[in-house]
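Visitor: I have a model open here and would like to talk it through with you. Could we start with the core?

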Amino acid sequence: MTSHDEPRADELLTSWHARQRRSRRGRTLPEPKAVRNRKGDWRHPDIHPTKAWLRATAESLDVPAIRLVQHSLAKQYPALPLDFLVWQHPPCPTEYAGLTPAPRLGVSWCSRCLAEDFATGQPAHIRHQWVMAASGFCHRHRWPLEDRCNACGSQKWRFAAPARGPLRMICGSCWQPLERAAAPTLDAEKDIRACWDQMIAFEQQLINAIKGRMPDQFRFNFTSASQLLNEVRDVCNLLTRGPLTDDYWVCKTRNIALNDFVCDAMTPGYVGRQFYSIEAVNPLTTASPVLRRCLLAAACGIIDPNPRISTALFGSEAPPAIEIFVAGVDHSVVDHFLAATGRWSPPFIQEIQTARQCRARRATLGRLKANVSALNRVFAEVQV
Ligand SMILES: [Zn+2]
Ligand SMILES: [Zn+2]
């Protein structure tokens, strides 16, 4: 058995299976499918492959089933909540069965990883990190992930086996290989790398939390892994909510708190990019890599208690991210989250309350200053 017959260390099972199908043309292999179990819960082949598929695949491809189980996402990331994966079609509850397509993961890619695979003669493959909602960057190459062809903008991709050389990932529309990095990213890289590194360090904390590991307590004091994920989920939810309206027809709007956080380093090639409102418990679940980066940058500035992070991401002119957050989001929803016992960590709750007090103090000072200047004007008029 060659090493290419086994899944790579960080490879999705479906990616490995697709590669095997390509290299064994004409040979039928059991297709990995998402199926519902008896309770009505979905079992996705990359997360919880079924025993039947594992047995049949292990037999057909002569790979021990236990090796395949070790590559499943549930095994590698034991604390992975399903909404911290990117879904093209998210798993839907049983009551909508038949109306919705089977769950399908949304794949982004790192052009640097693909270029490296090609240069070293390795087959292209889908890494676990490319389907994680908690990452907008490749941590290996410190490079933004993409989900569109840089030549034609299509989101379709496929594996292609050229006559010579390793398997490659190509655009499904224009057939260009996806190894080429986006020109605007290459142009902007030098100036914004420091911001990327801040975000990569934050994403690594989230990936560790998904693995069930305690976050760095020097950075996130008294915060458990699940509390850090709750905070990111809730902050992203609050940032993308449209304003409350009495209108029956709720339209998508750009009037959302996320657009108060401008970090052009997350959107190379675009300046001041704006986003529309999203109705989802966790908007990261279906977000494009660009939106994921912007959401995670805002969440990082808000949740990380170190004020230098907020300054590094949003500039020294901008107020602290947590103050922009409490000013821009729905207070009643924040109160609801604050009241839920153990949902957020005590230091984060304290930060929110301090930011609210600072804001209230600043508003009172503003009102006083306005009154003083109005009085001064009146006195000036009387003296005249
Ligand atoms: Zn990479
Ligand atoms: Zn294309």
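Guide: A term to begin with: a nonpolar core is a set of buried Ala, Val, Leu, Ile, Met, Phe, Trp, Tyr and Cys residues joined through C-beta atoms within 7 Å. A residue is buried if 20 or more other C-beta atoms lie within 10 Å of its own, exposed if 12 or fewer, and partly exposed in between, with the C-beta atoms placed from the backbone. This is a predicted model, in which local features need pLDDT of at least 70 and side-chain atom pairs count only at pLDDT 80 or more, while totals for chains, interfaces and linings use all residues. Residues are numbered from 1 along each chain as its sequence is written, and chains are lettered from A and ligands numbered from 1 in the order in which they are written.

Visitor: Fine. How many residues does the largest nonpolar core have, and which have the most contacts inside it?

Guide: The largest nonpolar core has 81 residues, and those with the most contacts inside it are L239, C294, L295, A297, A298 and A299. Its largest share, eleven residues, comes from helix α8, residues 289-303; helices (H or I, at least four residues) and strands (E, at least two) are DSSP runs, numbered from the N terminus.

Visitor: And where does this core lie relative to the domains?

Guide: Domain 1 (3-171) and domain 2 (195-360) both give residues to the core, so it lies between them; the domain bounds come from an automatic or database domain assignment. The C-alpha centres of the two domains lie 29 Å apart, and the contact takes 23 residues from domain 1 and 26 residues from domain 2, where two residues are in contact if their C-beta atoms, placed from the backbone, lie within 7 Å.

Visitor: Back to A297, then. What does A297 touch?

Guide: Not counting residues up to four places away in sequence, A297 touches M199, F261, C263, M266 and L313.

Visitor: How do α8 and α9 pack?

Guide: Helix α8 and helix α9 (residues 307-314) pack at an angle of about 150°, with their axes 7 Å apart; axes are lines fitted to C-alpha atoms, for helices over the stretch in contact, and angles run from 0 to 180 degrees between N-to-C directions. The two helices are therefore roughly antiparallel to each other, given that angles under 35 degrees count as roughly parallel, over 145 as roughly antiparallel, 65 to 115 as roughly perpendicular and the rest as oblique. The contact is made by A297, C300 and G301 of α8 and I309, S310, L313 and F314 of α9.

Visitor: What about R292, buried or exposed?

Guide: R292, which is in helix α8, counts as buried, with 28 C-beta neighbours inside 10 Å. Leaving aside neighbours within four places in sequence, R292 is in contact with A133, G136, L284 and A287. The C-alpha atoms of R292 and G136 are separated by 5.8 Å, although these residues are 156 residues apart along the chain.

Visitor: Change of topic: the backbone. What is phi of F222?

Guide: Phi of F222 is near 50°, a positive value in a residue other than glycine. F222 lies in the loop between α6 (183-210) and α7 (225-240), and F222 is exposed, with 12 other C-beta atoms within 10 Å. Phi of R142 is also near 50°; R142 lies in the loop between β5 (137-138) and β6 (143-144) and counts as partly exposed, with 15 C-beta neighbours inside 10 Å.

Visitor: How do the axes of α6 and α7 cross?

Guide: The axes of α6 and α7 come within 9 Å and cross at roughly 125°, and the two helices are therefore oblique to each other. Q205, L206 and A209 in α6 meet A225, L228, L229 and V232 in α7.

Visitor: Last one: what does the secondary structure of the whole chain come to?

Guide: The secondary structure comes to twelve helices and eight strands. Of the 384 residues of the protein chain, 35% count as buried, and the C-alpha atoms fill a box of roughly 100 × 50 × 45 Å, taken along the principal axes.
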